[in-house]
Every structure is written in C-alpha cells, then in structure tokens.
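Subject: The structure, and what turned up in it

Hi,

Here is the structure I promised to send over. Have a look at it first, and then read on for my notes.

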Amino acid sequence: MCGIVGYHGKDEASDKIYRGLKKLEYRGYDSAGMATAGNPSIKVDKAVGTVDNVSPEIDGTSGIGHTRWATHGGVTKENAHPHMGEKEKVAVVHNGIIDNYAEIKEEYLDDVEFTSETDTEVIPHLLEKQLEASRSIQEAVENVIEILEGSYAVSAVLHTGELIAFRKGSPLVLGVLEEEYFIASDVTPFLEHTEKAVFLEDDDYMIINGDYEIYNSGDRVEREVKEIDWDAEEASKEGFDHFMEKEIREQSKTVKRAAFQDRSDMEEASEMIEEAEDVYLTGCGTASFAASLGARYLRDAGVQAHTEQAHELEYRSDEINEDDVVIAVSQSGETADLLSLLEEIEADVLAVVNVVGSTLARTSDHTLYVNAGPEIGVASTKAFTAQLAVLKLLSSTIDERLEEGREELLSTAEKIDDVIDDNSETIRELSDYLVEKDHAYFIGRNHGYDLAREANLKLKELSYIHAEAFPGGEFKHGTLALVEDGTPVITFLKDESFDDIHSNMKEAHSRGADIISVGTKQAEESLIHIDIPEDENPELLEVVPFQMASYLTSVKKGNNPDKPRNLAKSVTVK
Ligand code: F6R
C-alpha cells in the first residue's frame, strides 16, 4: 500500500524524506511526491513513477513525502500525493481509504475546487478550514478525525512547520532522535538514524513542533518508546542487484534466527493450542500457504487444525468461537483482510509475524516474531521460510521435542545455500526455459500442493507468466485438457506421496508436457530436475530454488523483481 514519511528537525527535510521514501517504495510505486513547510506557502514536488522522479532539493526543515499505490483515481501527477488545501497552508499524505469522501465534499467542501480524483484531497481542505475555525491545532485535528470515516494513516505539514499525524486502521510509527522526529508507515525509513520508535495506536493523533505530543479522544496519552533491534544494514541491498536476491540469500541466517524462539514463548503458544477446542491457521497470499503448511505440521502433532485464507474465513467467522484459537500468519502484520477477520472473532489470536510493533503483533493475545528482519522485496521469500520454521517449531513443541526440532531447523538452515549453489546451473537453465513460456502449471500433493501454490505465486507475480497450481489429483479432472507439446508442468515429487504424484506427472508427460521436477528422487520423465537433499524440513529447501528461478526469470524479462507491477508489499485495504 502507500508509504508515508515525515520529518521534523534541524536538517533539510527533503533529503531525509527522499531517502526514507526510497526505503518505502516497496509499498507502492505508481507515483511519489513530497512537501516542505515554508512561508507564505508550502512547497510541493510530485511526479508519476518512482521517487527518483521527485526533486530531493526543496528547502525546509519540516515536511512529508509519499509513495503511492493507486486505489481511488488513476496514476497521474494530479492524483499523486501530497495534496494541498486551497490556500496552500496544509499539505497531506494518506494511506488507506476515506469511505465518506463524497459526503464530505457535499456537506463541508461544496465551495472547494478539487484538483484530483482522490478521496485523500478532502483531508487537506477540511484541515485547512478547521485550522482557520479552531482555537488550536489539536482542536482542528480532532474535528477532522470526527468527520472522517474509513481507514487511514495521515500525515500533514502546516506552512508554519508543525507536523501532524493521525491513524485509524493503517500503521504509523514515530522515529525519535534528539530534537528530530520521523513519521513513517514502518520503521525502515528511519532505521539508519534511530532505533527508537513509538507505534501509534488506532485513533491516536500527534502534533510535532519541537517536541511531540500524542492524544487520543481529546486526552494526552503516553506511548512506550520501543527499541527496534533491526539492523539498518539489513534494509539495504549490500551489493546485491536487488533486495529479492539478497533476501533469498539471507535465508540460511533468517531460518536460524527464526528457530531461536524463546522456550517460554513457545510453551505459552503450545498451551494456547492444546487448550483450544479448534485451531484455525490463516493469512493471505504467501502467508496463507505458510499457514496451510503450518496446519499440516500441527495435524502431524495431533492438533485439530483447520486452514483457510483470511478473506474467505471471514464469511464463516461465526463458526469460530471463544474457545478456539486463530493462528494469524503475516509478514507485515498490517494486512487488512487478516485484521478484518480478527476483529470479527472472539477467539484468542496467536500471531506469527515479522514486523515488530505491527498492528497484528500489538492486538494479538500472544505473538511469535519470526525475526526475518526487514523484507523489502515485494514478493515474500525469507519471511515465508521463517514462518515455516516457527510453525514447525511449534509443532515440535507440542510434540515435546522443542530442542530436537530446533536442532533440525538449524541443520536445514545450513543446507539452504548449498541447495541454491549445487543447483545453480539447473536454476539458470530453468529460468532460460521459463522466460520463453506463456503458461506454466504447478502440481503437488499434500505438503507438495502448498509448495506448488507458493512456487506458482512467485513465478506469476515476478515474471507475469500465467501460472496455476493444482493438487496433483485434481489436474486430470479438467486442466489436463490445456496440456500440449511443450507445456511446462512443474511437479513437487515429495517422498511421502511419490507414487501418486509420479502418476499425475506421467499423465501430463504422455500428453506432451515438459516435466520440471523437484525432490530427492528424479523421475525419468523430467526435462529439468532440481535435486533436494534428504532433510527433516524439506519444504524449507524445496521452495528456495523456485524463489531464485522466479527472480532470474523476472530479471531476464526486464521486470523489476523488487517491485512487481500493480502490487504492493503491505496490503492495507480489503
Ligand atoms: C507474495 C506476497 C503476498 C503476501 C500477502 C500477505 O509474494 O508477499 O502474497 O504474502 O499480501 O502479506 P502479509 O504477509 O504481510 O500479511
């Protein structure tokens, strides 16, 4: 979704904001812009495309910036944020959706000439009018919040230099230094300056002017200053061409880190699960495939575990009762579809999440951080394997073999780089092959089906090749009709279902499919085979070559693997 950065301090704001926005581009890259305070009016620069198209040299020591993922209104310069009030005394950036923007226009702003098609533009106009009519900035902000309906994270700069921020349903974090403050959608823009962060709660609003003050419902509130132990280095490319490649390569380290969960945290989580009547694992996209594999791991440990993607599970949320536990899996902890489901249920929530201080982490009954560090590539890689590691460890804890489970994960982590290096020629050959294709099918059974879904998602979101994943048993019930000479059928040859999935592979092969296989055993039908060593946690090894192959295919196609078209990292709208 959109990324917000604000700066108030003693240095040039535009430089700090520009650098911060570069870190947030993964949240949206349709257009970008920034505004700095200045008398008599605010200075703005904005452009279609990435932050590189915006000038980092507008002067002023207080300002805001934005990188946009379009929801209301097309991708145009007019619709790019920041948006200004008519008198150019207020500029606003916004992430989220203002549901009642049409009513606001009619009721409060019928004399205003709008310059964009966005829902956002009502905010600066409202704020400007309220500032004129109110006795204080605080009163004006309160009045605006009273009027707005929807989900939003908003930051505004006034021409006199004050910075304002308020949120409801979308994240906002304050970075705190000596006499310098950052506002951002997440911690990555200010990690290079400070590790001190304050996470705003829903309905909080903040005014920064020399110091910062946070209010909620008219009252001044204190929010804890947290230390973020994420390394700024981890949020940089460190010599790799793309974040995605770096993040794939980091996985031997991140899986180890995920395996070092605190024993008492794991025991508390396993108690929650054992005492629950029913256990649901959920998430969206890649995280939903981790949830689905997690459900299989828990069922292996004897737990009644169900799984469904959050946006669908919400339609039967009334089946989830207060004696159940919902395990919510998410990299960002801000995914609207997931948070919306959790709002509907009374069951306890166990979060398996990466981003420290995210809404999911703060609102859950118990949190297991996967500790993958900042994941900047829009396509999830290291967060996925870290989620698998934590879920597998949870299953081992329930089985009363936490330490053995941990040792096994550490040993798996050691093999991740070898799987990439030993198969590097084959992975390259696979990407050379795929780049020529328009369609691809992925099949697998049981755990292999979840891997097929994840590998399929990686390929299509990065390369834009049409790809679909099926349970091996399902393929022959219709989709086989699409197989012709040279159709790629990528098969997860898992040991436990080898004979059955091998049959499905042969059914495709005999209709002319090119078979690409992955597993410990090669089948004679394979055109390309990726070899995986025997391991206790095979899924963590089997997915990695497809992350790399999808990455290489994307690069060969001239796409930007860090920023696939139309997508954004953190999807904070439903
Ligand atoms: C795909 C991908 C997405 C996310 C999904 C959920 O590579 O990254 O499918 O997994 O949008 O996001 P989180 O994990 O932040 O809840």
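Leaving aside its neighbours within four places in sequence, which residues is Ala-310 in contact with? The list is Thr-282, Gly-283, Cys-284, Asp-337, Leu-338 and Leu-341. Please keep in mind as you read that this is a predicted model. Ala-310 belongs to helix α9, which covers residues 310–313, and with a relative accessible area of 0% Ala-310 is buried. If you want a sense of distance, go from Ala-310 to Pro-533: the two are separated by 223 residues in sequence and by 34 Å in space, C-alpha to C-alpha.

Eleven residues from domain 1 and nine residues from domain 2 take part in the contact. The size of an interface is often given as the accessible area lost when the parts come together. For domain 1 and domain 2 the buried area is about 940 Å², with 65% of it on carbon and sulfur atoms.

The cores

The largest nonpolar core is made of 79 residues, and Leu-298, Ile-327 and Phe-442 have the most contacts inside it. Which helix gives the most to this core? That is helix α12 (residues 382–398), with nine residues. Domain 2 (234–416) and domain 3 (423–563) each supply at least three residues to this core. A separate, second core holds 29 residues, among them Val-5, Ile-17, Phe-190 and Phe-199.

Beyond its neighbours within four places in sequence, Leu-298 touches Ile-273, Val-279, Leu-281, Val-303, Ala-305, Ile-327, Leu-394, Ser-395 and Ile-398. Ile-327, in that list, is itself one of the residues with the most contacts inside the core.

Aromatic rings

I found ten aromatic pairs in total. One of them joins Tyr-441 and Phe-475, which are tilted, with 5.8 Å centre to centre and 55° between the planes. Why does this pair tie together parts that are 34 residues apart in sequence? Because Tyr-441 lies in strand β21 (residues 439–444), while Phe-475 lies in helix α16 (residues 472–475). Tyr-441 is buried at a relative accessible area of 3%, and Phe-475 is buried too, at 1%.

Phe-442 also has a ring partner, Phe-546: this pair is edge-to-face, at 6.3 Å centre to centre with 75° between the planes. Phe-442 is in strand β21 and Phe-546 is in helix α19 (residues 544–556), so the pair links parts that are 104 residues apart in sequence.

Elsewhere, ring pairs join Tyr-7, Phe-182 and Phe-190 into a cluster. Phe-190 is also listed in the second core.

Two charged side chains sit over rings. Lys-105 lies over the face of Phe-114, 4.4 Å from the ring centre. Arg-565 has its charged end over the ring of Tyr-464, 3.9 Å from the centre of that ring.

Most residues other than glycine have a negative phi, and most peptide bonds are trans.

- Pro-82 is in the loop between β4 (62–68) and β5 (83–84).
- Glu-179 is in the loop between β9 (173–177) and β10 (180–184) and is exposed, at 57% relative accessibility.
- Asp-203 is in the loop between β11 (196–199) and β12 (204–209) and is partly exposed, with a relative accessible area of 34%.

Happy browsing, and do write back with any questions.

Best wishes

Methods
Residues numbered from 1 in each chain as written. Predicted model: local features only at pLDDT ≥ 70, side-chain atom pairs only at ≥ 80, totals over all residues. Heavy atoms only, no water. Core = buried A, V, L, I, M, F, W, Y, C linked by side-chain atoms within 4.5 Å. Buried < 20%, exposed > 50% of the residue type's maximum accessible area, 1.4 Å probe, protein only. Helix = DSSP H or I, 4+ residues; strand = E, 2+ residues; numbered from the N terminus. Domains from an automatic or database assignment. Contact = heavy atoms within 4.5 Å. Phe/Tyr/Trp six-rings, centres within 6.5 Å; stacked < 30°, edge-to-face > 60°. Lys NZ or Arg CZ within 6 Å of the ring centre and 35° of its normal. Buried area = accessible area lost by both parts, 1.4 Å probe.
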